[in-house]
Amino acid sequence: MDARPPSGAAAVVIDVRAVSTRFGDAVVHEDVSLAVNPGEIFALVGGSGSGKSTLLREIILLQQPASGSIRVFGQEVVGLSDDDALPLRRRWGVMFERGALFSALTVAENVAMVLHEHTDLPERLVREVAAVKVALTGLPPDAGPKYPSELSGGMRKRASLARALALDPELLFLDEPTAGLDPLSASGIDELVRGLRDGLGLTIMMVTHDLDLMWRAADRVAVLGKGRIVGVGSMTELSHSDDPLVRQYFHGPRGRAALEQAWKRK
Amino acid sequence: MTSEATVPPAVVTSSEATDARDVRCAGAWTVRTIADVEPHLARVPWPAAGEVAIDASGVSLLDTTGAWLLHRTVRELAARGCTAHIVGLRPEFASLLALIASREIPLASPAPPAPGRLERLGRHAWAVAAGSAGYLAFVGESAIALLRAVRHPRRLRWLPILHNVQTAGLEALPITGLLSFLMGIVIAYQGADQLQRFGANIFVVDLVALAMLRELSPLLTAIIIAGRSGSAYTAQIGTMKVTEEIDALRTIGVGAQELLVLPKVVALIIVMPLLTVYTDVTGVLGGMVMARSKLDVSFDVFVDRLDEAIQVSSYWTGLAKAPVFAMIIALVGCYRGFQVTGSAESVGEQTTMSVVQSIFLVIVTDAIFSIVFLWLDL
């Protein structure tokens, strides 16, 4: 949506090169590389413990890889200090798996808090903009004054998304956006993710297990297995892959069901 | 840094001095620049009625915040009878504006009216009454659980009890010992001047021993344990409440009282008298050190005098308070933990309340003990 400067328009938004991560002796990633293009919905998948959340945490500067390079908006983030990272952090929003809403604040205050911290908008506009973000994520208007503990799981995720959108980020990270949701709420999230990309022109990177979400929303998918990327491509491409790990993932009983669903929709 | 830096700042201009029918918007309308735009918009001399054209062809950047401001302006104009048309907006910005316009957004969130003074007083009184009733109920439940445990001693969980004895008792030895030692020194030091004036140096033994044994040592121990263990109990149970572990216990069919409260109460009742005896000793030791250096009362003389200065009843009156204080601290700490509601802030609130209330109750109980002992002539 925003007019990007010419240099940024064509360049990739996230560029991960040869990243390796170890916890003690345990190898989490070995030589992982991937790139996310502007305006793309990119999904990172893999079994439990495949290190996809760790990779996400490394991209958003919550953790450091052992070696390798990660560039976001063309800037190297590995080893970046908190002060230098601030301008970058204002350009992306993160939705955490369990919401991570501030429990002492209402939903509207959770969004407003980010605006208060990073902008000098007048109080009235802050409240209105917070209401806009809450509405954009599909929450009813009466959700704003509620506390996170009064919301259902799906509403909490949407509220967390509203907070991630507070500063109109160009890049959105979603950690397990549909985990723990009923199928109806989950398919609501599918539409929301696509709607946000189309409406706000966002680049979205998500970590997920949800095959339905991938079929419906993701432009490209990277499969992590055994510490490395075993396949990258659109869902259709991946479903024809010969790699045993990818096949295991997409041709298990659930994978097949999601595949059939996707075919029916077409 | 960001792309906005290269973009001209947002501006709003109108050709007419009054009754602006033709308004031009330009520049970046984003969350970072919009604060400057709002006063411009407010200064535009909008007409009272009729048609207004807002030329937005100069808008080079628009995000949801900017789109909202545009939308709000149109909405406010419509409310006063003007029809505003936005023209020249780039197609991608127009679709964003349409997205914002399609959502139902309350113009100003209705703030609930602040309650009056009388209402606040009433609510507060009610909260205090409900809190007291809840506390009483909690004490009752704990008593029932304790009775049940006494009837079936094998159901008492000894492992958690021993664990609590270690954390609340054994690990508190250095700090309680050090503080009561210092307290003994301070009392002897304070008394030294007065006693020396009358040549009554030897009575420093009476001063230190009576003060420590009867009052200070049980009180000091209780206050340290309230700050050390009472707060930990609240935080532990409170966090378990937030993470629904308490509910999980209930569904498994294990009473939270039995698993979490009783071991703590029993452990503190075991530990507090022992700690009190220990701080009796370290406190008197502190007094002894001070008496020798400041009043020339040697250790031998001090110990000889100790025999005459204190009766066994002084020792027992101090010691008798310890288990009562232990119960107060453990029960208040656990009760406050169960009062935690969903948020992290609530854990902090209840922990503060736990320490304040248990120290308050300990001191009040201590005063009651003093009065009772006076009646009983102990």
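Visitor: What share of the contacts in chain B between residues at least 6 apart in sequence join residues at least 24 apart?
Guide: In chain B that comes to 85%. A contact here is a pair of residues whose C-beta atoms, placed from the backbone, lie within 7 Å.

Visitor: Before we go on, what am I looking at, and how is it labelled?
Guide: This is a predicted model, where local features need pLDDT of at least 70 and side-chain atom pairs count only at pLDDT 80 or more, while totals for chains, interfaces and linings use all residues. Residues are numbered from 1 along each chain as its sequence is written, and chains are lettered from A and ligands numbered from 1 in the order in which they are written.

Visitor: Ok, how many helices and strands in chain B?
Guide: Chain B has 12 helices and 4 strands. These are DSSP runs numbered from the N terminus, with helices being H or I of at least four residues and strands E of at least two.

Visitor: And is chain B spread out or compact?
Guide: Spread out: its radius of gyration is 35 Å, well over the 21 Å that the globule rule gives for 378 residues, so chain B is more spread out than a compact globule. That radius is taken over C-alpha atoms, and the rule is 2.2 Å times the number of residues to the power 0.38. The C-alpha trace of chain B spans about 105 × 60 × 45 Å along its principal axes.

Visitor: How much of chain B is buried?
Guide: 36% of its 378 residues. Buried means 20 or more other C-beta atoms within 10 Å of the residue's own, exposed means 12 or fewer, and partly exposed is in between, with C-beta atoms placed from the backbone.

Visitor: What about the strands, in which order do they sit?
Guide: They form an open sheet, β1-β2-β3-β4 of chain B, with mixed pairing. The edges are β1 (11-14) and β4 (82-87) of chain B, each pairing on one side only. Pairing needs at least two DSSP bridges between two strands.

Visitor: In which sense do β1(B) and β2(B) pair?
Guide: Antiparallel, over 4 bridges, with β2(B) covering residues 22-29.

Visitor: Switching to helices: how do α11(B) and α12(B) pack?
Guide: α11(B) (residues 312-338) and α12(B) (residues 344-375) meet at about 155°, with their axes 9 Å apart. Those axes are lines fitted to C-alpha atoms, for helices over the stretch in contact, and angles run from 0 to 180 degrees between N-to-C directions.

Visitor: Is G81(B) buried or exposed?
Guide: G81(B) has 10 C-beta neighbours inside 10 Å, so it counts as exposed. G81(B) lies in the loop between α2 (64-79) and β4 of chain B.

Visitor: And chain A, what's its radius of gyration?
Guide: 18 Å, which agrees with the value near 18 Å for a compact globule of 266 residues. Chain A has 11 helices and 10 strands, and 46% of its residues count as buried.

Visitor: How many residues of α2(A) are buried?
Guide: 6 of the 8, so α2(A) (residues 52-59) is largely enclosed by the rest of the structure. L55(A), L56(A) and I59(A) are among the buried ones. Just after α2(A), L61(A) takes a positive phi of about 70°.

Technical notes. Two residues are in contact if their C-beta atoms, placed from the backbone, lie within 7 Å.
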